[in-house]
Structures are given as C-alpha cells and as structure tokens.
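Colleague: I have a model open and would like to learn how to read it. Could you take me through some features, one at a time?

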Amino acid sequence: MLRVLNDDIVAGGKGFGKHPHDNMEIITIVLDGALEHKDSMGHTEQIVPNEVQVMSAGSGVVHSEYNPDPNKKTNLLQTWIFPNKKNVQPRYDQKMFPIEDRINKLQLLVSPIDNNDAGLKIHQDAWIYRSTVENGNIVSHTLHSNNHGAYIFVIDGKVSVGEQVLNKRDALGVSETDSFDITATEKSDVIIFEVPMS
C-alpha cells in the first residue's frame, strides 16, 4: 500500500507546476528549507521543518509545490499511500510536530482517519512515526496487525534493526513479525511507515 517515498531536493526558486492527483494519500515532510503549496481546494500554505502535510487527493485535486527561497535548497520527503476508500472528497491538513516530543520515543505523525489520536488523518489503515534516537538508546514498535509491515527510513545517523545496520538514507522493509527494535549507534533521525501488505 506504500507506493513511493521520494527524497527530493528542490533548487532555490524552483518547484513543480500545477499537476493533478486522484485517489492517493500524499504525505509531505520538509526536512530543510521550505515548500509552498497551492491547490484547487483554495489552500496556499508554506511547510517548514518539523511540519507534516497530508493531502487526500480523493476524487481529484490539482496542486503546485515551489521552494519560495531563491537562495536555499529545500529537502523534503514525500510519500504516496494507496487509500482504502476511493473518490472521497479531497481534504488537506498540516501540523507542527515539536522535535522534543520524539527524543528516544516514537512520535505519531499520521494515522487512520477514524482514529482519535494526535496523528494527521489519511484514508488507510496506516501509521507514520518519527523518532530522534540518541546514541545507545532503543525505540520499539509493535505492529497494529499481523497483516502489516513496516518500512524504516534513516534520515540521518546510524541504527541497527536486528542484524541489519542502516546508515544515513538507508531503508529496510520489515514484515512477518509482531514487533522490532531500532537501536541507535549514533544520534539518529528515523521514520517508520506501517502499512498493510496487501
């Protein structure tokens, strides 16, 4: 159900002109710089580091994304997740997630739309977490269903998951398990995507 994870660099003053999406849950996380978003729902917003944006494209939306600073590159992660409901009314949301709330623990960024929790909502049985794990610390995650898997992406640092060592910008898929531990061997910034496997 996880279609893509783009690790994009957008040059100063550049971006992506108006383009359409439908029936896709699109999650954007700015790591450095800023991104200006405009869409056919009437939103004009800037997204900055530690903010997360979700857009349920649903029955169809047109948007553009630009780096508003001509002198600085923008680095962002954008994830596309297939929805579990088609042709819903398009929706948009964004929220700031303070870094202090994810030190050596999982910070919930995104969760299913019918869940009453702090996550931004999408039309899928999926969760996204971020954690800043300090050297020698461990964060653990238990999957919500035995039909789910996880995709672990290291934004920065160095961690181990079981026997597998992951460095900056490495990723690992985990499935057929109930839970897993992420151990930091240096201060690390990690994102976990938990999604249905089929």
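Colleague: Let me start with one side chain. Is Asp 189 buried or exposed?

Modeller: First, a caution: this is a predicted model. Now the idea. Buried means under 20% relative accessible area. Asp 189 has a relative accessible area of 14%, so Asp 189 is buried. Asp 189 sits in strand S17.

Colleague: Which side chain does Asp 189 join in a polar contact?

Modeller: The side chain of Arg 130. The polar contact between the two side chains is 2.7 Å.

Colleague: What else does Asp 189 touch, beyond its neighbours within four places in sequence?

Modeller: Arg 130 is on that list, with Ser 131 and Thr 132. Phe 153, Val 154, Ile 155 and Asp 156 are also in contact with Asp 189.

Colleague: Let me follow Ile 155 from that list. Where is Ile 155 found?

Modeller: Ile 155 belongs to strand S14, residues 148-161. Ile 155 counts as buried because its relative accessibility is 5%. Sequence neighbours within four places aside, Ile 155 is in contact with Leu 31, Leu 77, Arg 130, Lys 168, Arg 169, Asp 189 and Ile 191.

Colleague: How far apart are Ile 155 and Asn 167 in space?

Modeller: The C-alpha to C-alpha distance is 8.7 Å. In sequence, 12 residues separate Ile 155 and Asn 167.

Colleague: What about a charged residue? Which side chain of opposite charge is nearest to Glu 194?

Modeller: Lys 121, and that side chain is 13 Å away. A salt bridge needs the charged atoms within 4 Å. Glu 194 is buried and has no salt bridge. Glu 194 lies in strand S17, which covers residues 179-196.

Colleague: Which side chain makes a polar contact with the side chain of Glu 194?

Modeller: His 148, at 2.6 Å. Beyond neighbours within four places in sequence, Glu 194 has several contacts, including Asp 125, Trp 127, His 141, His 144 and His 148.

Colleague: Now the backbone. Which phi value does Asn 23 have?

Modeller: Asn 23 has a positive phi of about 45°, although Asn 23 is not a glycine. The residue is in the loop between strand S2 (15-21) and S3. With a relative accessible area of 14%, Asn 23 is buried.

Modeller: Compare Arg 169. Phi of Arg 169 is positive too, near 70°, and Arg 169 is not a glycine. Arg 169 lies in the loop between strand S15 (164-167) and strand S16 (171-174). Arg 169 has a relative accessible area of 30%, so Arg 169 is partly exposed.

Colleague: On to sheets. What is the general idea for side chains along a strand?

Modeller: In a regular strand, side chains alternate between the two faces of the sheet.

Colleague: In which order do the strands of the open sheet with S1 run?

Modeller: The order is S1-S8-S3-S6-S9, with 5 strands and antiparallel pairing. Strand S1 (2-10) and strand S9 (91-96) are the edge strands, and each pairs on one side only. On average, neighbouring strands of this sheet are turned by 15° against each other, direction ignored. Inside it, strand S3 (residues 25-32) and strand S8 (residues 74-81) are joined by 7 bridges. Ile 27 has Thr 79 as its bridge partner in S8.

Colleague: And how many strands form the sheet with S2?

Modeller: That open sheet has 4 strands, ordered S2-S7-S4-S5, again with antiparallel pairing. S2 and strand S5 (44-47) each have a single partner strand, so one side of each is left without a neighbour in the sheet.

Notes. Residues are numbered from 1 along each chain as its sequence is written. This is a predicted model: local features need pLDDT of at least 70, side-chain atom pairs count only at pLDDT 80 or more; totals for chains, interfaces and linings use all residues. Side-chain values use heavy atoms; hydrogens and water are left out. Helices (H or I, at least four residues) and strands (E, at least two) are DSSP runs, numbered from the N terminus. Buried means under 20% relative accessible area, exposed over 50%, partly exposed in between (1.4 Å probe, protein chains only). Lys and Arg count as positive and Asp and Glu as negative; His and the chain ends are not counted. A polar contact is a pair of N or O atoms within 3.5 Å; within protein, one must be able to donate a hydrogen and the other to accept it, and residues adjacent in sequence count only if both atoms are side-chain atoms. Contact means heavy atoms within 4.5 Å. Two strands pair if DSSP finds at least two bridges between them. Axes are lines fitted to C-alpha atoms, for helices over the stretch in contact, and angles run from 0 to 180 degrees between N-to-C directions.
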